[in-house]
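This report covers one model.

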Amino acid sequence: MTPSGRAILRLAAATLTVGLALTGCGGAEKPAPADPAEQKPRAGGTLRVGALGKVAAISRDPHGVLSNESDFLITSLVYDALTVPGEQANVAPRLATEWKPSEDLTTWRFTIADNATFHDGTPVTSDDVVWSLKRLRDTPSGASRLPGVDSAGISADGPKTVVLKSNYANSELPLLARLMTFVLKKGTTTVEGSPGTGPFRLESYQNGNAVLKRNPKWHGGDVYLDTVEVRMFESPQALTNALISGQVDLASNVGAVAARVAERNKNVQIVRRPNDTSMPIVMRAADGPFADPKVREALKLAVDREAMVNQVLSGYGTVANDVLGTGDQHYDTSLPQRKRDLERAKQLLSEAKFDTSKTYDLVTTEDIPGLAESATLFATQVRDAGVNIKVVKQESGQFWEKTWLNAPLYTTYWGTNDSVVFFAGKTMNSEAKHNEAAWRDPEFDAAYKAAVSTTDEAARKPLLAQLQKIEYERSGYLLWGMADGVDLAAAQVRGLPKLGGYGRVQLERVWLAS
């Protein structure tokens with residue numbers, strides 16, 4: 001998230017290819033409309049979308065840190081990335097229609113859609129894409145957004161071909177290109193309101209609220225809605241109330257508590273996306289009180305994961321096992337599920353000579369529903385193992401500028417959970433710019449490089465299993481559970497995205513029944 005890197009996906013930000021459940025009263029599936037004609041997409045209408053955000057955290061730069069859900073939604077509808085999450089695979093075409101690697105997997109050639117134009121009618125060329133990718137790469141978090149690709153390794157080969165050269169063999173480059181590779185016109189100096197290439201164009205914007213109009217010449221095909229109105233809400237409660245009272249038609253990524261509130265309302269669809277958002281606790285591994293692997297394992301054993309899922313997520317989630325990328329088809333379910341073992345946790349803390357007389361800060365934010373609550377419950381649970389934790393809540397800006405990547409103990413969140421190697425490359429590899437736990441493990445690095453340097457599934461499977469085993473045993477991530485993504489929608493909304501993470505903002509196929 002799920003960096004923007006963070007923002008992206010942190011939005012809970014990501015990208016699973018799992019099914020979508022539309023539920024109504026008591027969780028029962030909504031019956032199909034009686035009129036068969038309503039099953040056919042209907043053009044026209046305005047979709048009013050509510051999304052979470054705070055005025056103080058607004059960012060309108062598509063290559064910036066989009067920590068507001070509303071900012072990310074607007075940006076994703078106005079600008080196209082090269083690739084997006086797909087329903088059949090975790091990478092699908094968007095602005096790029098196809099891609100092909102060299103035999104050694106170090107050079108990738110992306111073909112830009114022939115009929116792609118900016119909203120002002122200007123054709124999209126490879127020069128625009130190259131300029132945008134270089135701009136993205138040169139941001140402070142650019143090394144994490146395009147791992148292994150230096151600015152000098154981005155070039156054009158003709159008017160419609162973009163070449164990306166990786167510093168190492170990387171079979172996952174198309175997956176990485178789906179995150180934040182939004183394309184601007186070459187030479188853009190003022191990004192606010194600059195024309196994009198996406199299914200909607202920006203008509204107006206004020207304080208996180210926007211009006212978007214259909215782009216009739218979008219290269220991706222028909223767009224059904226005439227207008228999307230985005231309204232920003234600062235709390236899930238306010239957003240839920242707006243949906244139930246009819247002020248908005250879609251409450252985006254509103255969280256599990258809101259779903260519980262809406263369960264008895266027959267006029268509300270509850271959209272659940274399993275494995276959507278992770279909220280791991282990060283333990284700094286390079287130095288400080290959690291540098292000893294025994295201490296990190298002790299905290300992982302002190303957590304009651306089922307209680308965390310039931311209390312923090314109101315049951316709208318599943319127990320996790322300290323490995324990120326739970327939606328990956330290669331996710332290793334054979335790893336023993338960690339369960340609470342307080343005696344073993346105490347023993348490990350004793351062996352590590354961990355100072356239980358001190359109180360340790362756990363820093364968190366209220367950026368997404370359940371995040372701060374998870375920190376509070378975690379602190380209560382580990383007290384049973386003799387570890388004293390004080391939860392410190394920070395404003396979003398302070399957290400991401402000062403705490404993230406630096407604090408000994410903090411929460412983070414990601415909404416991009418369909419790829420194990422995504423996290424390995426962006427947050428755990430020793431070379432990763434956003435190595436959240438400052439964890440460096442040569443064996444893990446070697447396993448990562450080996451996994452991404454092959455496309456052969458038979459050879460790749462044991463490499464991915466080895467990667468996950470090392471992460472499970474030694475990393476600085478305590479991933480206690482996976483939150484379902486939850487949207488609330490009015491009864492007339494049809495064609496809602498079936499994907500989590502980044503995929504949930506693909507609203508170009510949404511339509512309104514009469």
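## Two packed helices

Is the crossing of α9 and α11 left-handed or right-handed? The crossing is right-handed, meaning that the near helix is turned clockwise from the far one by less than a right angle. This is a predicted model, in which local features need pLDDT of at least 70, side-chain atom pairs count only at pLDDT 80 or more, and totals for chains, interfaces and linings use all residues. Residues are numbered from 1 along each chain as its sequence is written, and side-chain values use heavy atoms, with hydrogens and water left out.

Helix α9 spans residues 305–312 and helix α11 residues 371–382. Helices (H or I, at least four residues) and strands (E, at least two) are DSSP runs, numbered from the N terminus. The two pack at an angle of about 145°, with axes 10 Å apart. Axes are lines fitted to C-alpha atoms over the stretch in contact, and angles run from 0 to 180 degrees between N-to-C directions. From α9 come A307, M308, Q311 and V312; they meet E373, S374, L377, F378 and Q381 of α11. Contact means heavy atoms within 4.5 Å. By class, this contact has five nonpolar, three polar and one charged residues.

Helix α10 (residues 342–351) has A345, L348 and L349 buried. Buried means under 20% relative accessible area, exposed over 50%, and partly exposed in between (1.4 Å probe, protein chains only). Seen down the axis of α10, its buried residues fall within an arc of 100°, so they line one face of the helix. The arc is that of the directions from the helix axis to the C-beta atoms.

The cover over these buried residues includes α8 (293–302). E343 and S350 are exposed, on the face of α10 turned away from its buried side. K353 follows α10, with a positive phi near 55°.

## Nonpolar cores

The largest nonpolar core has 131 residues. A core is a set of buried Ala, Val, Leu, Ile, Met, Phe, Trp, Tyr and Cys residues joined through side-chain atoms within 4.5 Å. L47, V129, L212, F378, L467 and W480 have the most contacts inside the largest core. A second, separate core of 17 residues includes L239, A251, V268 and V486.

## Two loop residues

N215 sits in the loop between β10 (209–214) and β11 (227–233). N215 counts as buried because its relative accessibility is 8%. Beyond neighbours within four places in sequence, its contacts are H119, T197, G198, P199, F200 and V223.

D114 lies in the loop between β6 (107–112) and α3 (126–137). At 67% relative accessibility, D114 counts as exposed.

Conventions. Ala, Val, Leu, Ile, Met, Phe, Trp, Tyr, Cys and Pro count as nonpolar, Asp, Glu, Lys and Arg as charged, and the others, Gly among them, as polar.
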